[in-house]
Amino acid sequence: MRKLWINGQEVDGSEGTQVAIDPATEEIIAEYAWGGTAEADQAVAVAKAAFDGWRRTPAGTRAEMLHEIARRMRQEQESLAVDLTRETGRALRKNRGYVEWSAQCFDYYAELGRHSRGRVIPSPEASQLSLVLKVPLGVVAAIVPWNYPLLLLVWKLAPALAAGNTVVIKPATYTSWVTLGFARLFDHLPPGVVNIVAGSGRLVGDHLVRHPDVRMVAFTGSTEVGQHIMRMAADDMKHIHLELGGKDPLIICADSDLEAACRAAVWGGFLNAGQVCTSVERVYVERVVFRDVLDRVKALAEGLVVGPGMDPRSEVTPMIRPEERDKVHQQVISAQQSGALIVTGGRKPASQPRGYFYEPTVLTGVSEDMLVMREETFGPVLPVIAVDDFDEALRRSNQSQYGLGATLFTNDARKVKQYMEQIEAGNVWVNDPIVDNLAGPFGGMKRSGIGRELGEEGFEEFLETKHVHWEIEPGIKPWWYPWE
Ligand code: NDP
């Protein structure tokens, strides 16, 4: 049985145990410890105690310890990937890639931490030294969702540790078992530097966010919980970093490579059964090519292989839970009742009687007031909408409370320029959607979040800035009292 990981030791949970479920088979995988506020307090206390030693550890030594995490990930790539597939349902071959990518993230931040520096700036007087120091914050609570339990954790953990912070991890309920298994990647770190407390969001997550000794909350998840965290963090003026939901648009211009654009839209809409924060959730197509695009998208969606992530042929894997699938189905049915047309899909696949599968679904005839166009869907549903021209597509792309990612397919440089200036999204892709780059900042505008992960920006989030003013030749200044 997997246990909580606190102060470098396995610990039982005061809330008993839970079971992990395989979404492809609905079977129980294993049992694991379930924590509560007592373990959250314990983890924060040991992380606080470990902070001074970790921040003073030379950056080069810290870097080597982070590279060691990357080495361990590569050594254990297969078993990590299998665990991820079993608990998330996601395709095994994709998970292998994500383990490697997570290792690269540790390597990247190990070096960014090693080369981190402040600045010496001009002083008001010649006898003074003015320094800008970058210092770690203290204890960071990393609260992670279930869709990418390793990758989205690593995007927080690697920069937080490289910057000299200590961390308490709160995994999502659905993916706590796999996350508790990551403890073996960290057991060479000083005790207390990394801790994992599985427990419910409302209890353990909430407690961590309110805890006075937690200096930063790094969160990925829904906009609703993000808003709640922001309100709670206000009491102590905690640093917050929020990666939230999206409703990403993709525009297909008539001048683009239509086959590439259609394949990209289908991939972007159905990857990980649409459970990606940057899933393509709205496709705007110039009317002159709309029928052609819709036919191609339909054919591509119908050709996808739906099946369990352990089967190398599977292209669309299960959703995480039946409740999540029901929410998606409700959006589809409500759109249909309001006049939308289900071009393909819209039900559980007959080929998969067990598991939480949902057919790749293409909709058209949707309008902006429908839930499926306003709320994040987080499932394999792709609405395809005809527009008169690029300007209308751009305007409608921005008609959303979200602003996470956005994609444009065109070969016209003037449209690209206008798009990159006017689109309201933190991640903008041209002719190639959902590509993340470790060296480039990732995050959202509007209700999609605050702050950025990855890149140098994702490192800076975990640092506080201090301005030090040092008079090297002490003496009485003429502007002090008494005034002449
Ligand atoms: P949730 O917001 O429900 O949960 C995210 C995490 O927050 C979980 O660990 C959850 O724990 C925890 N949590 C829940 N309630 C609280 C609380 N009151 N205080 C503190 N923590 C709490 O999101 P999901 O896990 O359902 O993930 C899907 C959502 O995440 C989607 O909306 C998606 O768009 C978004 N997302 C955003 C990404 C981005 O980068 N912008 C990336 C991936 C996903 P528990 O599971 O125990 O409830």
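This is a predicted model: local features need pLDDT of at least 70, side-chain atom pairs count only at pLDDT 80 or more; totals for chains, interfaces and linings use all residues.
Helix 1 spans residues 37–56 and comprises 20 residues. The distance from its first C-alpha to its last is 29 Å, close to the 28 Å expected at 1.5 Å a residue. The helix is bent by about 40° at alanine 50. Alanine 50 also belongs to the set of buried residues of helix 1, which otherwise consists of Glu39, Ala40, Ala43, Val44, Val46, Ala47, Phe51 and Trp54. An α-helix has 3.6 residues a turn, so residues three or four places apart point the same way. Threonine 37 likewise lies in helix 1. Because its relative accessible area is 30%, threonine 37 is classed as partly exposed, the range for that class lying between 20% and 50%. Along the chain, threonine 37 and glutamate 375 are 338 residues apart, and their C-alpha atoms are separated by 32 Å.

The structure contains 0 disulfides. Cysteine 253 takes part in none, and the nearest cysteine sulfur, belonging to cysteine 262, is 13 Å away; a disulfide would require the two sulfur atoms to be within 2.5 Å. Cysteine 253 has a relative accessibility of 0% and therefore counts as buried. Cysteine 277, with a relative accessibility of 14%, is buried as well, since the limit for burial is under 20%.

A nonpolar patch on the surface is formed by Met420, Val428 and Val430, which together have about 230 Å² of accessible area. Methionine 420 is located in helix 14, residues 413–422. With a relative accessible area of 54%, methionine 420 is exposed, the threshold for this class being over 50%.

Across the whole structure, 34 salt bridges are found. One of these joins lysine 3 to aspartate 12, with the closest N and O atoms 3.1 Å apart. Both partners are partly exposed: the relative accessible area is 28% for lysine 3 and 46% for aspartate 12.

A salt bridge is also formed between glutamate 111 and arginine 114, where the closest N and O atoms are 3.1 Å apart. These two residues lie in helix 4 (residues 92–114), with a spacing of 3 residues, or about one turn of the helix. Glutamate 111 counts as partly exposed at 27% relative accessibility, and arginine 114 is partly exposed at 32%.

In the salt bridge between glutamate 359 and arginine 347, the closest N and O atoms are 3.3 Å apart. Glutamate 359 and arginine 347 are 12 residues apart, and each is placed in the loop between strand 14 (341–344) and strand 15 (361–364). The assignment follows from the cut-offs, because buried means under 20% relative accessible area and exposed over 50%.

Salt bridges also link residues into a network, whose members are Glu68, Arg71, Arg72 and Asp187.

Terms used. Residues are numbered from 1 along each chain as its sequence is written. Side-chain values use heavy atoms; hydrogens and water are left out. Helices (H or I, at least four residues) and strands (E, at least two) are DSSP runs, numbered from the N terminus. The expected span of a helix is 1.5 Å times one less than its number of residues. The bend at a residue is the angle between axes fitted to the seven residues ending there and the seven starting there. Buried means under 20% relative accessible area, exposed over 50%, partly exposed in between (1.4 Å probe, protein chains only). Patches are made of residues with over 30% relative accessible area and no salt bridge: like charges are joined within 9 Å, nonpolar side chains (Val, Leu, Ile, Met, Phe, Trp, Tyr) within 5 Å. Accessible areas come from the Shrake-Rupley method with a 1.4 Å probe; for residues, only the protein chains shown count as cover. A salt bridge is a side-chain nitrogen of Lys or Arg within 4 Å of a carboxyl oxygen of Asp or Glu.
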